[in-house]
Amino acid sequence: MKLGPNGGLIFCMEYLVDNFDWLETELDDIGDDEYLLFDCPGQIELYSHVPAMAAVVGELQRLGFRLVSVYLLDSHFVADAPKFVSGVLCCLSAMTSLELPHVNVLTKCDLLPSRRILEEFLEADASSLRERLDAGTRPAFFRLNSSICELLEDWSMVQFLPLDPRDTDSIDEILAQVDSALQYHEDVEPRDPDNPNEDDPDDEEEAYDGEHYD
């Protein structure tokens, strides 16, 4: 087929959509209370103008899955304002395409040379972000900068959660945000910690003493 890396990936996702019954069969073996993570490809085409991923989302929702999208943006994007805005706009494109609850995460924060840089962007509002953009562009682009920043503020997309693998609190905060979006704990049945297999029908069958009553 002579497809490049991106074209090959798009073809594979479209093939999955056309053969979604395979994935449905695989998911049938998973319990109702299980927590699933779908590690999706990073090519932005799948979340902007190619409908394959949105089709997968629709099929999963048809099966009754509650979904939340966690968008991961490398922390090196906070190195300068234009790069950060570019990443945020890609994030916005994915959010509008997938139409899911969205959690935005800045990853690899442990690799940043300074925590101060991270805090400046995490706490930035549209006005301060516009000032950063204006400082690196010609006056002819000031109105465009202003419009982009207003768009991001309207969609509340400027705020991100930092992820530092050395900081368990940052991981707990992200997980709490995802759980809240999914309303995960509201439907999970409490289990006896001394009997983790209490709902396993195979265990109940083994414990059955063999007597039969009409």
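**Close-up 1. Tyr 71 and its bridge partner in strand 2.** In this predicted model, Tyr 71 has Asn 104 of strand 2 as its bridge partner. The path from strand 1 to strand 2 passes through helix 4 (residues 81-98), and this β-α-β crossover is right-handed (with the strands pointing away from the viewer, the path from the first strand over the helix to the second runs clockwise). Strand 1 (residues 69-74) runs parallel to strand 2, and six bridges join them. Helices (H or I, at least four residues) and strands (E, at least two) are DSSP runs, numbered from the N terminus. Residue numbers start from 1 along each chain as its sequence is written, and side-chain values use heavy atoms, without hydrogens and water. Local features need pLDDT of at least 70 and side-chain atom pairs count only at pLDDT 80 or more, while totals for chains, interfaces and linings use all residues.

Close-up 2. The open sheet has the strand order 1-2-3, with parallel pairing; two strands pair if DSSP finds at least two bridges between them. Strand 1 and strand 3 are the edge strands, each pairing on one side only. Two bridges connect strand 2 with strand 3 (residues 161-162) in the parallel sense. Val 105 has Leu 161 as its bridge partner in strand 3.

**Close-up 3. The two faces of strand 2.** His 102, Asn 104 and Leu 106 point one way from the strand, and Val 103, Val 105 and Thr 107 point the other way. Six of the six residues of strand 2 (residues 102-107) are buried, so the strand is largely enclosed by the rest of the structure. Buried means under 20% relative accessible area, exposed over 50%, and partly exposed in between (1.4 Å probe, protein chains only).

**Close-up 4. Asp 164 and Arg 166.** Asp 164 sits in the loop between strand 3 and helix 8 (168-182). Its relative accessibility is 10%, so Asp 164 counts as buried. A polar atom of the Asp 164 side chain lies 2.9 Å from the backbone nitrogen of Arg 166.

**Close-up 5. Phe 11 in helix 1.** Phe 11 belongs to helix 1 (residues 5-18). Phe 11 has a relative accessible area of 37%, which means that this residue is partly exposed.

Technical notes: A polar contact is a pair of N or O atoms within 3.5 Å; within protein, one must be able to donate a hydrogen and the other to accept it, and residues adjacent in sequence count only if both atoms are side-chain atoms.
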